[in-house]
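Thanks for taking a look at this one with me. Below are a few numbered notes to read alongside the model.

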Amino acid sequence: MIAGKNVLAFVMAGGEGSRLHPLTVDRCKPSVPFNGKHRIVDFVLSNLVNSEIYSIYLLVQYKSQSLIEHVRQSWTMTRFIPQHFVTVVPPQMRNGPQWFQGTADAVYQNLHLMETLQPDLVAVFGADHIYRMDVRQMIKFHLDSQADVSVATLPVPLEQASSFGIVDIDAQHRIREFQEKPKSAKSMPNRPGHALASMGNYIFNAEVLKRELQRAHDSGESDFGKHLLPRMLKSHRLFAYDFDTNVIPGTQSYEEQGYWRDVGTIDAYFDAHFDTLGATPKFRMTNAQWPIYASPDQAESAQIERGFINHSTIGSGSIIDGAYLDHAMLRRSVRVEQDAKLEHCILMERTVVSRGARVRRAIIDQDNFIPPGESIGYDLEKDRQRFHVSEGGIVVVPKCYFERGSAPAAVRERATVLG
């Protein structure tokens with residue numbers, strides 16, 4: 001209960017993540033690894049649990065097996081408190097042989113899940129972003145405003161407006177207009193060069209949500225941003241919650257206040273990793289008062305035999321033996337051998353960088369054995385013949401591209417399951 005209200009959360013975790021290809025060849029976007037031992041979905045789940053919202057349905061769709069395995073291993077709630085759960089819900093086909101047709105349709109197909117809990121409020125949140133948020137503060141704003149729907153918002157540069165739902169508000173933060181991914185947008189009166197964007201996080205009064213989803217289904221509408229919210233402006237009270245006012249305990253003065261990143265492209269995903277590096281990062285992953293929970297880690301501590309290491313993160317179970325690392329992020333059980341050189345790169349689980357190999361401005365997905373003397377990121381034209389290279393020049397090596405030993409099929413099978 002929050003402010004005397006029973007709150008249920010639906011997390012939209014069905015994103016295909018096509019712009020993150022090839023990291024999403026075998027996994028959905030929320031399941032993509034982030035930083036040393038997290039996945040993208042851990043941020044929204046941690047925010048909800050830290051906000052004392054313990055009844056969470058995770059709506060999945062595309063390539064969801066690795067996400068299902070992650071939630072099973074990392075987000076098991078106690079069986080002695082029935083209303084404390086994180087439950088993965090794939091399409092049930094209750095209304096016909098079709099997958100979720102949009103965000104609103106995904107919740108509509110699962111309205112029956114509200115019957116047992118009988119919530120007063122429903123939080124509908126995305127699973128694609130890196131941020132901390134105390135949802136209780138948004139709920140308080142929602143109740144104080146006597147809103148039917150509250151939309152979490154933040155300013156974005158005008159050149160990015162076409163990627164978001166853009167809202168126009170009055171002095172009381174009531175939404176007057178909602179445009180989903182407009183080709184152009186006007187500046188905020190008090191913030192030239194910026195538009196006010198929806199974060200894709202909503203608080204609904206439960207009865208309003210049920211009625212409007214039924215109406216949307218009957219009218220063939222399927223999406224919150226494209227259909228429901230613009231239509232509801234005519235008949236309901238919709239308010240914009242200012243994410244910049246959200247206060248997180250334990251945030252350090254050097255961190256970027258109101259940090260939020262949509263990591264929907266390779267370049268944005270790459271850059272967000274390096275926002276977490278260093279003694280004074282823009283976003284510190286460790287915050288004892290507002291933790292971002294990660295998967296269980298049974299690996300031993302990292303071992304560093306010798307070498308040069310600058311501004312880097314070394315995951316547990318990793319071994320550095322006479323290598324050069326500068327702005328390198330290593331997840332678990334990575335081995336970097338003598339005379340290897342890593343610069344501004346991300347290496348995922350169980351990758352081996354052999355003697356003399358060089359990697360620069362690259363993402364190496366898991367279970368790769370980079371051969372001795374290999375060079376990645378130094379000749380982008382050559383790299384494009386083998387790998388995906390982003391607009392910003394980031395080279396992405398897919399899982400198991402470089403295989404080692406006589407049983408690559410076993411490695412590939414394990415990697416597919418673990419995601």
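1. Asn35 counts as buried because its relative accessibility is 11%; buried means under 20% relative accessible area, exposed over 50%, and partly exposed in between, with a 1.4 Å probe and protein chains only. The phi of Asn35 is near 60 degrees, a positive value in a residue other than glycine. Asn35 sits in the loop between E2 and strand E3 (38-39).

2. A word on provenance. This is a predicted model, in which local features need pLDDT of at least 70 and side-chain atom pairs count only at pLDDT 80 or more, while totals for chains, interfaces and linings use all residues. Residues are numbered from 1 along each chain as its sequence is written, and side-chain values use heavy atoms, with hydrogens and water left out.

3. Two further backbone points may interest you. His173 also has a positive phi, about 70 degrees, although it is not a glycine. His173 is found in the loop between strand E9 (165-169) and strand E10 (175-180), and is partly exposed, because its relative accessible area is 29%. Elsewhere, a cis peptide bond with omega of about 10 degrees joins His21 and Pro22; Pro22 belongs to the loop between strand E1 (7-12) and strand E2 (33-34).

4. Now the overall fold. The protein chain has 10 helices and 24 strands; these are DSSP runs numbered from the N terminus, helices being H or I of at least four residues and strands E of at least two. Along its principal axes, the C-alpha trace spans about 65 × 50 × 40 Å. The radius of gyration is 22 Å, which agrees with the value near 22 Å for a compact globule of 419 residues; the radius is taken over C-alpha atoms, and the globule rule is 2.2 Å times the number of residues to the power 0.38.

5. Among contacts (heavy atoms within 4.5 Å) between residues at least 6 apart in sequence, 60% join residues at least 24 apart. The accessible surface, from the Shrake-Rupley method with a 1.4 Å probe, comes to about 18,200 Å², of which 47% belongs to carbon and sulfur atoms.

6. Charges next. There are 46 positive and 48 negative side chains, and the centres of the two sets lie 1 Å apart. Lys and Arg count as positive and Asp and Glu as negative, leaving out His and the chain ends; each charge is placed at NZ of Lys, CZ of Arg, CG of Asp or CD of Glu.

7. How many aromatic pairs does a search of the whole structure find? There are 19 aromatic pairs: rings of Phe, Tyr and Trp (its six-membered ring) pair if their centres lie within 6.5 Å, with planes under 30 degrees apart counted as stacked, over 60 as edge-to-face and the rest as tilted. Tyr57 and Phe85 form a tilted pair, 4.9 Å centre to centre with 50 degrees between the planes. This pair links distant parts of the chain, with Tyr57 in strand E4 (residues 55-59) and Phe85 in strand E5 (residues 85-89), 28 residues apart. Both Tyr57 and Phe85 are buried.

8. One more pair is worth a look. Phe387 and Tyr401 are edge-to-face, because their ring centres are 4.9 Å apart and their planes are at 70 degrees. Phe387 is buried, with a relative accessible area of 7%, whereas Tyr401 counts as partly exposed at 37% relative accessibility.
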